[in-house]
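This report describes the strand and helix layout of the chain shown below, together with one surface feature.

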Amino acid sequence: MFLLCKRLFTKLFWLIPLKNNKIFFSSYEGKQYSCNPKAIYEQLKNEEKSYYYIWEYNSSSVPDELKQNVIIVKHNSLSYFYHLLTAKYIITNSGISAAISLRKEQVCVNTWHGGGAYKKVGAVVDEKINGTACKELAIIAKQTSYFLSSSQEFTKVMEKSTFIPRNKFLNIGMPRNDIFFAPSKMENLRKKVRDYCNLSDEKRVVLFAPTYRGKSGNMHYSTLIPDIDNLTKALKSKFGGEWVVLYRSHYYKTTVENNPSIIDVSEYQDMQELLCLADVLITDYSSCIWDYSLIFRPCFLFVPDLEEYENERGGFYTQISTWPGIVCKNDEELAKKIFYYNRVEYIQKVKIHHSSLVSYDKGTATEQLLRALSL
């Protein structure tokens, strides 16, 4: 009943004419200025095209990039509904709620916020998903015009997870990953993040970026942090230099990690920029391993709860042994596998992974999307 009432309420905005030159952007329902919507928006701004830009952004600390020629709206505010339902184009990285009735004339692009095919999401996580949830997924699928895909395997698994038909997938890669094919831009971003963290050029950086625990709709977050002293000693022994650990939580988590041995960069919104800086990535089941694999730097999967996590989510889309990361179940194993890391063998493993999943990331995703939308 609530779903029906809200859909009827949002239809009232259909009385207001649609603006064909208005584009609505949303990243994690207004939690961040980041991800694929940011990459697409910045490309449009660089090309100086004349559009009305709307950004869903909930914090009062607005990024500098959104302070000029952009209208800011907060999630579920009246201005949010007004601009969302009068924009010709909607670009989001997490979809639009089934409780909102989009017009048939609107073009809704779900860029998603992860690549590859790793932890399960959506309908395939819970085989007993109820009728209401199925109905909502069906509505979202119907209202989605395009869904971006990073690989052939991603298209295959997400079709089942989201109920979105295959003909709505744009197999072009992820706009946020275009940066990894532009070395000069990556170097500028490395400097930007170093300055933010107040790090000298001599410091080498390991980024620890775990994902959430639990099923969709029932999230809990319990960070399993590796032994930092052992980690930095192992990295120094293998690669040389002085190492610093950056910690970046999943966006579901709101608390800050209170550990003097790490630098908490969870408030730094753009994950891709952090990946540009990282000399080594340590994560668990996060799809950031797909993004990071595009630059072929070493990645280690710290997964002491592997069996528990896999059972809770009903397995993975693909076998974890094939992922572009080296599996480590405890601190001792992590140190050992860092010591025996072989760059040539690892790069070969990543290339096989890209080939197996049939990667679409080529550094041209933004360009291809804008061409598809005639923007």
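## Sheets, helices and a surface patch

Leu78 is found in helix α3, residues 78-84; helices (H or I, at least four residues) and strands (E, at least two) are DSSP runs numbered from the N terminus. The model is predicted, so local features need pLDDT of at least 70 and side-chain atom pairs count only at pLDDT 80 or more, while totals for chains, interfaces and linings use all residues. Residues are numbered from 1 along each chain as its sequence is written, and side-chain values use heavy atoms, with hydrogens and water left out.

Leu78 counts as exposed because its relative accessibility is 62%; exposed means over 50% relative accessible area, buried under 20% and partly exposed in between, with a 1.4 Å probe and protein chains only. Together with Phe9, Leu12 and Leu15, Leu78 makes a nonpolar surface patch of about 460 Å². Patch residues have over 30% relative accessible area and no salt bridge, and nonpolar side chains are joined within 5 Å. A salt bridge is a side-chain nitrogen of Lys or Arg within 4 Å of a carboxyl oxygen of Asp or Glu.

### The seven-stranded sheet

Seven strands form an open parallel sheet in the order β3-β2-β1-β4-β5-β6-β7; two strands pair if DSSP finds at least two bridges between them. The edges are β3 (70-73) and β7 (169-171), each with a single partner strand, so one side of each has no neighbour in the sheet. From one strand to the next, the twist averages 25°. Helix α5 (residues 152-162) packs on this sheet and touches β6 (146-149) and β7, its direction making about 140° with that of β6. Contact means heavy atoms within 4.5 Å. Axes are lines fitted to C-alpha atoms, for helices over the stretch in contact, and angles run from 0 to 180 degrees between N-to-C directions.

Tyr89 is partnered by Val107 in β5.

### The six-stranded sheet

A further open parallel sheet has six strands in the order β12-β11-β8-β13-β14-β15. Phe302 has Cys328 in β15 as its bridge partner. Helix α7 (residues 228-239) lies across β8 (204-208), β11 (243-247) and β13 (280-283), at about 130° to β11.

### Parallel strand pairs

| Strand pair | Bridges |
|---|---|
| β1 (residues 19-26) and β4 | five bridges |
| β1 and β2 (residues 52-56) | five bridges |
| β4 (residues 87-92) and β5 (residues 107-110) | four bridges |
| β14 (residues 299-302) and β15 | three bridges |

Terms used
Patch = residues over 30% accessible without salt bridge, like charges linked within 9 Å, V, L, I, M, F, W, Y side chains within 5 Å. Areas by Shrake-Rupley, 256 points an atom, 1.4 Å probe, with all protein chains shown as cover.
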